[in-house]
Structure formats: C-alpha cells, structure tokens
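Here are my notes on the model you sent. Please read them with the structure open.

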Amino acid sequence: MLQLQAGDLTALNAERLVLGATLQSNTDGSVTIEQRASNVSVGGVQPLQAGEVLLAGSEQVSVAPGASIRATDSTPATTTRVNSSGDG
C-alpha cells in the first residue's frame, strides 16, 4: 500500500491529479482511463485539491468522513467521452 499526504499532493499545484490510474488522451478527443490500483482512499483533514481530480480503483474508491476533494479549475465543463480499461 502506498500512502500519500493530501497536503503534499495539493502543494504540487497540479492542473490535473490522477490517482489509481493512468490517463491517455486519444486522437478522437476522448480519454482512456486504465485502472492501476484496486483501492483508492482519501482521508485526513487537509483537502485534496487540484485543477481537476480523478480517482480510480478497480474495486473501491472511498472518501472518509471529514475528508474533502476540491477541483479548483474554473474553466466551463465540457463533455468528453471516457473509455475505461484495466481490471475495473
């Protein structure tokens, strides 16, 4: 099990934060998410935040009571086709 601190990830000031998967942009404008982790959990009191936050797990994605996730990108949302691969 790999444990990362939300504050450390937030300090990266990432445009996009993907946990538990890889993300690939395709030539047709879609994206492919390939799950790499079976479980992804968010806990603690510091918010996990980035411009865009994506969590993927083939078995479970959980957010503990009191934990928070914030997407800070203010760009208007667009529709993107998402393909999934991997064990989930």
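1. Which order do the strands of the open sheet have? The order is S2-S3-S9, in an open sheet of 3 strands with mixed pairing. Strands here are DSSP runs of E, at least two residues, numbered from the N terminus, and two of them pair if DSSP finds at least two bridges between them. Strand S2 (21-25) and S9 are the edge strands, each pairing on one side only.

2. This is a predicted model, where local features need pLDDT of at least 70 and side-chain atom pairs count only at pLDDT 80 or more, while totals for chains, interfaces and linings use all residues. Residues are numbered from 1 along each chain as its sequence is written, and side-chain values use heavy atoms, with hydrogens and water left out.

3. The mean pLDDT (the predictor's confidence in each residue, from 0 to 100) of the protein chain is 88.

4. Strand S3 (residues 31-35) and S9 run parallel and are joined by 4 bridges. Val-31 has Val-82 in S9 as its bridge partner.

5. There are 3 salt bridges, each a side-chain nitrogen of Lys or Arg within 4 Å of a carboxyl oxygen of Asp or Glu. One of them joins Asp-28 and Arg-81, with the closest N and O atoms 2.6 Å apart. Asp-28 lies in the loop between S2 and S3 and Arg-81 in the loop between strand S8 (69-71) and S9, so this pair ties together parts 53 residues apart in sequence.

6. Glu-52 and Arg-16 also meet in a salt bridge (2.8 Å, N to O).
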